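Subject: Structure for your review

Dear colleague,

Please find the structure below, together with its sequence.

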Amino acid sequence: MTENLTADLDALARELDAEHVFHSWSAQGSPPQLVVASGRGTKVWDHSGREYLDFSSQLVNVNIGHQHPAVVSAIREQAELLATIGPPTVNLARGEAAKRITDRAPDGMNKVFFTNGGADANENAIRMARLHTGRDKVLSTYRSYHGNTGAAIVSTGDWRRIPNEFARGHVHFFGPFLYRSEFWATTPEEESERALRHLRRVIEAEGPASIAAVLLETVPGTAGVLVPPPGYLAGVRELCDRHGILLILDEVMCGFGRTGRWFAFDGYDVKPDLISFAKGVNSGYVPVGGVVISDEIAADFDEQVFPGGLTYSGHPLAMASIVGALDAMESEGIVDHARRVGAEAIAPALTELAEKHAVIGEVRGEGVFWALDLVADAETREPLPAAEVGRIKGALIERGLLPFTAENRIHVVPPCVVTAEEVEQATAIYDEVLGTVAV
């Protein structure tokens with residue numbers, strides 16, 4: 001292609017988008033300008049060949065990187081064999097995908113219900129919890145995001161639930177977050193103990209016999225990569241067991257390599273009753289999500305009809321992409337690589353940035369799942385204003401780095417295949433742009 005033609009394609013893409021595409025979570029009068037035509041690994045580029053280092057993993061889902069040949073090949077081969085089939089059939093790709101997921105789940109979790117994404121995974125996990133317990137209420141934290149469907153968005157704690165509060169039976173509580181503690185804690189141990197006491201009191205006040213489930217992101221992602229303090233998840237599990245409440249762990253963002261483990265909860269002393277997943281299970285190459293179900297809950301529906309279903313549940317192309325992605329991640333050691341590159345490259349690089357720039361109030365994370373908490377005042381921890389974060393985001397993109405920003409934070413969330421050299425390249429861009437912030 002000539003340079004003029006490729007530039008014309010970028011212009012055409014922007015024109016068509018502005019005229020015809022309605023974007024999520026956006027005011028439509030300011031359409032996006034960044035064009036992505038293709039990608040490979042940790043990089044994407046537009047039609048004219050301008051390259052960007054993707055440290056957003058798009059929506060923190062392209063864990064295996066862009067255009068991994070094993071996943072693309074798996075989808076292509078399945079499309080040539082059978083492009084689609086309805087859920088009430090037996091299909092080998094579906095069974096193979098489910099087995100690869102349950103092989104990595106805790107013992108006693110042998111069934112998977114497939115959905116189209118993470119929101120409807122949480123939706124169906126909630127449905128199963130209510131049917132299993134005969135109870136109604138679902139408890140979740142204020143600092144959370146669980147998806148944009150009926151029950152999932154009301155389970156969400158952030159501002160996005162407020163215009164959408166049409167589902168019933170949802171109660172919110174504060175989870176642990178030491179840097180901005182709701183409990184006047186000064187140590188991780190204090191934060192854990194006091195957050196658990198708060199949850200215990202919420203359960204008591206709501207009436208334990210009315211509560212079907214506690215729904216938690218194992219490591220809350222969009223809310224700020226909030227790594228749970230010692231003993232917290234185990235304490236939640238104990239409270240649930242004491243009162244016959246189910247524990248649903250949302251691994252949609254933090255699962256399948258993002259924390260340097262197959263499941264984030266593998267790093268904590270906890271076993272859930274239900275696991276919701278999506279994103280990293282196939283790196284978003286085809287829309288898919290699901291719920292891993294304990295044997296006890298699955299047995300409820302051996303004779304009783306499960307009152308839920310989706311036209312594309314277990315879609316063959318999505319199933320093939322799961323098999324291709326998980327097999328490649330296993331054979332190439334990608335999950336272990338994410339753990340190592342996080343510990344050996346990302347953590348020290350971000351720590352050094354924080355020492356250099358007063359605007360970084362805290363660095364937190366693990367694996368390839370990190371956040372820079374940006375502050376206007378290091379003493380008061382006042383969050384950096386949204387306008388300044390927006391300026392920083394624009395400056396990063398101008399320099400060829402795709403960031404993920406949320407509220408006052410930069411989330412450093414590259415694909416699991418990121419190299420130490422790419423971390424160094426991204427760090428230099430962060431360093432340059434953060435150096436322009438006056439605090």
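The expected span of a helix is taken as 1.5 Å times one less than its number of residues. Helices (H or I, at least four residues) and strands (E, at least two) are DSSP runs, numbered from the N terminus. Please note that this is a predicted model, in which local features need pLDDT of at least 70 and side-chain atom pairs count only at pLDDT 80 or more, while totals for chains, interfaces and linings use all residues. Residues are numbered from 1 along each chain as its sequence is written, and side-chain values use heavy atoms, with hydrogens and water left out.

Helix α10

Helix α10 covers residues 316-331. Its 16 residues reach 22 Å from the first C-alpha to the last, close to the 22 Å expected at 1.5 Å a residue. Buried means under 20% relative accessible area, exposed over 50%, and partly exposed in between (1.4 Å probe, protein chains only). Of the 16 residues of α10, 13 are buried, so this helix is largely enclosed by the rest of the structure. Just after α10, G333 takes a positive phi of about 65°.

Two helix pairs

Two packed helices are described by the angle between their axes and the distance between the axes. Axes are lines fitted to C-alpha atoms, for helices over the stretch in contact, and angles run from 0 to 180 degrees between N-to-C directions. Angles under 35 degrees count as roughly parallel, over 145 as roughly antiparallel, 65 to 115 as roughly perpendicular and the rest as oblique.

Helices α7 (residues 188-206) and α8 (residues 232-243) pack at about 20°, with their axes 10 Å apart. The pair is therefore roughly parallel. On the α7 side, the contact (heavy atoms within 4.5 Å) is made by S192, A195, L196, L199, R200 and I203, and on the α8 side by Y232, G235, V236, L239, R242 and H243. By class, this contact of α7 with α8 has seven nonpolar, three polar and two charged residues. In this classification, Ala, Val, Leu, Ile, Met, Phe, Trp, Tyr, Cys and Pro count as nonpolar, Asp, Glu, Lys and Arg as charged, and the others, Gly among them, as polar.

For α12 (residues 386-398) and α13, the angle is about 135°, and the axes are 10 Å apart. These two helices are therefore oblique to each other. I392, A395 and L396 of α12 meet I429, Y430, V433 and L434 of α13. The contact of α12 with α13 comprises seven nonpolar, no polar and no charged residues.

Individual residues

T427 also lies in α13, which spans residues 420-434. T427 is buried, at a relative accessible area of 15%. Not counting residues up to four places away in sequence, T427 touches A349 and L353.

V412, in strand β16 (residues 409-412), is buried at 1% relative accessibility. Apart from neighbours within four places in sequence, its contacts include F55, I346, W370 and Y430. V412 and S57 are 355 residues apart in sequence, yet 9.3 Å apart in space, C-alpha to C-alpha.

I275 belongs to strand β9 (residues 274-277) and is buried, with 0% relative accessibility. Neighbours within four places aside, I275 is in contact with residues including A105, M109, F263 and V291. Between I275 and L326 there are 17 Å, C-alpha to C-alpha, at a sequence separation of 51 residues.

Yours sincerely
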